[in-house]
Amino acid sequence: GLMNYWPNIDAVEWFVKHVFKPLSKEMSDVEFYIVGANPTQQVFQLRKKNIIITGRVPDIRPYLKHADIVVAPLRIARGLQNKVLEAMSMNKPIIATPEALEGIELPKMEGIWEVKSLEGWQKRLKALLHQPPHVQGLNPWIKQHYSWEASLNHIEQLVEKVPKKIIL
């Protein structure tokens, strides 16, 4: 995401302060990557030995591939969160706020955890880091529901429902 966009800045600041710092005191080998274009000075101030800020990257997939868990701690969110869809397409376990998942039709399968409280974030993240799940099936589900082809088919179906008398 854009790291000069206030909701993303708020998300990483909150996550680092309330979830990651306490966790990293217990698990010294855990790292948090903040991957996104145009990080502000506010974001750069979060950088530590185990908090890596990449700035813009040409391809998010290598970062997702090597991640054990993807977090989307957005407290303010509007629209579909591509960052969540990208993680789902890579079959990565995701912990997210309800705001980050809003607008996404979630599959009935393990791999995505909606967490509402600070205690929930701490508990779920710790559990997943101790025993990362093997997530399967999210990628085909994403293709079926959120690919360009699936989206265009949906639009075609909507257009077919338009009465023939209306001229667009």
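**Figure 1. Buried face of helix H4 in the predicted model.** Val84, Leu85, Ala87 and Met88 are the buried residues of H4; buried means under 20% relative accessible area, exposed over 50%, and partly exposed in between, with a 1.4 Å probe and protein chains only. The structure is a predicted model, in which local features need pLDDT of at least 70 and side-chain atom pairs count only at pLDDT 80 or more, while totals for chains, interfaces and linings use all residues. Residues are numbered from 1 along each chain as its sequence is written, and side-chain values use heavy atoms, with hydrogens and water left out. Helices (H or I, at least four residues) and strands (E, at least two) are DSSP runs, numbered from the N terminus. The buried residues of H4 fall within an arc of 160 degrees as seen down its axis, so they line one face of the helix; the arc is that of the directions from the helix axis to the C-beta atoms. These buried residues pack against H3, E3, strand E4 (94–96), helix H5 (98–101), E5 and H7, where contact means heavy atoms within 4.5 Å.

Figure 2. Leu138, Trp141 and Ile142 are the buried residues of H7.

Figure 3. Most residues other than glycine have a negative phi. Asn91 sits in the loop between H4 and E4 and is partly exposed, at 23% relative accessible area. Asn38 also has a positive phi of about 55 degrees, although it is not a glycine. Asn38 belongs to the loop between E1 and H2 and, with a relative accessible area of 45%, is partly exposed.

**Figure 4. Salt bridge between Arg75 and Asp10.** The side chains of Arg75 and Asp10 form a salt bridge with an N to O distance of 2.7 Å; a salt bridge is a side-chain nitrogen of Lys or Arg within 4 Å of a carboxyl oxygen of Asp or Glu. Arg75 is in the loop between strand E3 (70–72) and helix H4 (82–89) and Asp10 is in helix H1 (residues 6–26), so the pair ties together parts that are 65 residues apart in sequence. Asp10 is buried, at 9% relative accessible area, whereas Arg75 is partly exposed at 41%.

Figure 5. In one of them, the side chains of Glu26 and Lys126 meet at 3.1 Å, N to O. This pair links distant parts of the chain, with Glu26 in helix H1 and Lys126 in helix H6 (residues 118–130), 100 residues apart. Glu26 is exposed, with a relative accessible area of 55%, and Lys126 is partly exposed, with 28%. Arg61 forms a salt bridge with Asp59, their closest N and O atoms being 2.7 Å apart. Asp59 is partly exposed, at 27% relative accessible area.

**Figure 6. Surroundings of Asn50.** Asn50 is placed in the loop between helix H2 (41–44) and strand E2 (51–55). Asn50 is buried, with a relative accessible area of 18%. Apart from neighbours within four places in sequence, Asn50 is in contact with Phe20, Ser24, Val30, Glu31 and Phe32.

Figure 7. The largest pocket has a volume of about 1,400 Å³. A pocket is an open set of points on a 1 Å grid over the protein atoms alone, where a 1.4 Å probe fits, with protein on both sides within 12 Å along at least five of seven lines; lining residues have an atom within 4 Å of a point. Grid points are joined across faces, edges and corners, and a volume is the space filled by probe spheres set on the points. The lining comprises 49 residues, of which Tyr33, Val35, Leu64, Val70 and Val71 lie nearest the centre of the pocket. Two or more lining residues come from each of H1, strand E1 (32–35), helix H3 (61–66), E3, H4 and H6. H1 gives the most, with seven residues.
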